[in-house]
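Please look over the sequence and the structure before reading on.

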Amino acid sequence: MTSYEIKYFNIHARSLVSKIILERSGASYVVTVPEWPREKADMPYGRLPVLIESSDGENFVLSESRAIEEYLAGKFGYLPAGIKDLAVCNEYVCQIYEIIEAVCELANYIIITSYTLGPLIDGLTKSPDQCVDRSQFYIAQRIADMRNSAVSISDHFLAKHESILSKSKSGFYFGNCMTYPDILLFAALEFLKSRNVSASFNRTKYPNVMNLIDKVGSDKAVADIVSVKLVNLF
């Protein structure tokens, strides 16, 4: 029997897509939280998530969230058939990840600044025009610039993908069932909500995008995963 272990922090973030695929597929899996940073050196590349697939006494270990997602998507039938559809699928995934990485940059800057200077400094709690100290102004301005960049990337993506999804009879990206980019888009919005940069996802302006996200979110396995309240490190 094949079983899976996901090693990750006690948050969803970069592990959510993999959890959803495993849960929907009925796979045997557990999520473990390493002692960080004590176990950092034990990870293949010193970062999380890590997937361990155990079968017949042998372990297959994979690092990097996107590599893990693509492996599980291929293994459990969440990739479209045909080389052209597969290429387009990868195109969509790249575009969704552009949003995710922009928000990750923002989140990482806030976390590092908070740990270094404290979470209550003016640069983290006030807008640039409210900061009297120059150093605090620059912190607040950098956060504002990164937030605006993430919103701009989201707006561009949404306009393009609203048009793409308007041509879908099922509401999904490919065929009549959920595939990897459908799940990834849902997970991306969950992450954006955690950083308060999700306002671009407007139901009136982008009904087909939001309909897809609703379809994924209404799936019982997805709802069960998301309903688990984890620690918010951000």
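In which loop is Asp56 found? Asp56 is found in the loop between β3 and β4. The model discussed here is a predicted one.

## Overall architecture

The protein has 8 helices and 4 strands. Along the sequence, these elements follow the pattern β-α-β-β-β-α-α-α-α-α-α-α.

For 234 residues, a compact globule would have a radius of gyration near 17 Å, and the 19 Å of the protein agrees with this. Along the principal axes, the C-alpha atoms fill a box of roughly 60 × 45 × 30 Å. Of the 234 residues, 44% are buried. Among contacts with a separation of 6 or more, 65% are between residues 24 or more positions apart.

Strand β3 covers residues 50–55 and strand β4 covers residues 58–63; the two run antiparallel and are joined by 6 bridges. Within this pairing, Val50 stands opposite Ser63 in β4.

The two strands form a hairpin with 2 residues between them.

With a relative accessibility of 66%, Asn196 counts as exposed.

## Cis peptide bonds

The loop between β2 (28–32) and β3 holds Pro37, and Pro49 is found in the loop between β2 and β3 as well. The peptide bond from Trp36 to Pro37 is cis, with omega near 10°. The bond from Leu48 to Pro49 is cis too, and its omega is near 5°.

Rolling a probe the size of a water molecule over the atoms shows where empty space is left. The structure holds 1 cavity of 30 Å³ or more, and the largest cavity has a volume of about 30 Å³.

Which residues line the largest cavity? The lining consists of Ile6, Arg14, Ser15, Ser18, Pro49, Val50, Leu51 and Ile68. By class, this lining has 5 nonpolar, 2 polar and 1 charged residues.

Conventions:
Residues are numbered from 1 along each chain as its sequence is written. This is a predicted model: local features need pLDDT of at least 70, side-chain atom pairs count only at pLDDT 80 or more; totals for chains, interfaces and linings use all residues. Side-chain values use heavy atoms; hydrogens and water are left out. Two strands pair if DSSP finds at least two bridges between them. On a 1 Å grid over the protein atoms alone, a cavity is a set of points where a 1.4 Å probe fits but cannot get out, and a pocket is an open set with protein on both sides within 12 Å along at least five of seven lines; lining residues have an atom within 4 Å of a point. Grid points are joined across faces, edges and corners, and a volume is the space filled by probe spheres set on the points. Ala, Val, Leu, Ile, Met, Phe, Trp, Tyr, Cys and Pro count as nonpolar, Asp, Glu, Lys and Arg as charged, and the others, Gly among them, as polar. The radius of gyration is taken over C-alpha atoms; the globule rule is 2.2 Å times the number of residues to the power 0.38. Buried means under 20% relative accessible area, exposed over 50%, partly exposed in between (1.4 Å probe, protein chains only). Contact means heavy atoms within 4.5 Å.
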